[in-house]
Amino acid sequence: MAKCNAFAGTYSLNGIGFELFTKDELKAIHEATLDVLMDPGIKVENDEAVRIFKEGGCIVDEKTNIVKIPEYVVRRALQTAPSRFTLWGHDKAHNTVMECGGKVHWTCFGTGVKVCKYVSEGKYNTVDSREADIAEIAKLCDWAENIDYFSLPVSAREYAGCGSQDMHEVFTPLTSTRKHYHDIDPVGPNIEYYWELITTLYGGDEEEARKKPIMSMLLCPTSPLELCDNACQVIIKGARYNMPVNVLSMAMSGGSASVYLAGTLVTHNAEVLAGIVLGQLTVPGAPNFYGSSTTTFDLKKGTAPVGSPELGLISAGVSKLAKFYGLPAFVAGA
């Protein structure tokens, strides 16, 4: 029986091997991505982000907010983006080091809107998730040694439609887990309030909170090839607070991207690199994940199957691209 490889991207062959792309093929995807970043470019729906791109050397169409990112700007961003950073827990025992080619880590994922409640043997009720469910799952993940950090698993549906839902979904994880908290789909205008919570947990010591942020954030570009207002706010504010930001594309092969695997990865790559460039232009050295929940589009059912074989292939390609750029990778689905 083959021994499992405990390190992502480390070359080891124990009986069989799987190699999705050669270095030359990765280079071809990279070069195609550079072409896309210049033509057609990226739609950027945030004035401050447009200004940052322009001051960083990008070509901006003021009427359409289309940003064209030259190769040298991409290369400079990749030089300053760290290949290693720490996801800080509430104590040293729960720190997680993210690094290119480092250990494989696991987290829960979301964000779901339903939970199954046990009734009796073989019987469950499916109900809307609530804030109490977030706290209970956080405690379960604290107990589970194989879960390295906590991501928002379900939403606080009792607050849906009111302005406080997002704050409940940040406050409860931060106060219910000893592990690092990875917030999924944060709300840009509320990030200052997140920061107040984090500094409060550090006794008001903002310098220590900035040095060891116990929360990171995940945002998705809008496929194809757009950074919406909220995504830009998350990237910019995350960089300024030194909070790790996961730029995670959710391109759909055959939907919002090419039906071909390599073509989908070009769209995916352009979206992620655009987000990372924005983070590095804001604060050089800001910690960024190279993220993916990119999958195929089910043309018959109109869904995006996260458990499909195509997602596994795309995730393998994403992992290779992240290593090609020297960035910590994050892929969805297991």
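How are α4 and α5 oriented relative to each other? In this predicted model, the axes of helix α4, which covers residues 131–143, and helix α5, which covers residues 165–176, come within 9 Å and cross at roughly 30 degrees. Because angles under 35 degrees count as roughly parallel, α4 and α5 are roughly parallel to each other. The crossing of these two helices, α4 and α5, is right-handed. On the α4 side, the residues that take part in the meeting are E131, I134, A135, A138, K139 and D142, and their counterparts in α5 are H168, E169, T172, P173 and S176.

Another helix, α9, spans residues 261–282 and includes T264. With a relative accessibility of 0%, T264 counts as buried, since the limit for that class is under 20% relative accessible area. When residues up to four places away in sequence are not counted, the contacts of T264 are with S253, A257, S258, T294 and I314.

Aromatic side chains were examined next. A pair of aromatic rings is described by the distance of the centres and the angle of the planes. The count of aromatic pairs comes to eight. For Y118 and Y124, the ring centres are 5.7 Å apart and the planes stand at 70 degrees, so this pair is edge-to-face, given that planes over 60 degrees apart fall into that class. Y118 itself has a relative accessibility of 56% and therefore counts as exposed.

The cysteines were considered last. A disulfide is a covalent bond between the sulfur atoms of two cysteines. The structure holds zero disulfides, and two cysteines, C58 and C116, illustrate the distances involved. For C58, the closest cysteine sulfur belongs to C232 and lies 12 Å away, which is too far for a bond, because a disulfide requires sulfur atoms within 2.5 Å. For C116, the closest cysteine sulfur is that of C141, at 16 Å, and this separation is likewise too far for a bond.

Methods. Residues numbered from 1 in each chain as written. Predicted model: local features only at pLDDT ≥ 70, side-chain atom pairs only at ≥ 80, totals over all residues. Heavy atoms only, no water. Helix = DSSP H or I, 4+ residues; strand = E, 2+ residues; numbered from the N terminus. Buried < 20%, exposed > 50% of the residue type's maximum accessible area, 1.4 Å probe, protein only. Contact = heavy atoms within 4.5 Å. Phe/Tyr/Trp six-rings, centres within 6.5 Å; stacked < 30°, edge-to-face > 60°. Axes fitted to C-alpha atoms, helices over the stretch in contact; angles between N-to-C directions. Parallel < 35°, antiparallel > 145°, perpendicular 65-115°, else oblique. Left-handed = near helix turned anticlockwise from the far one by under 90°.
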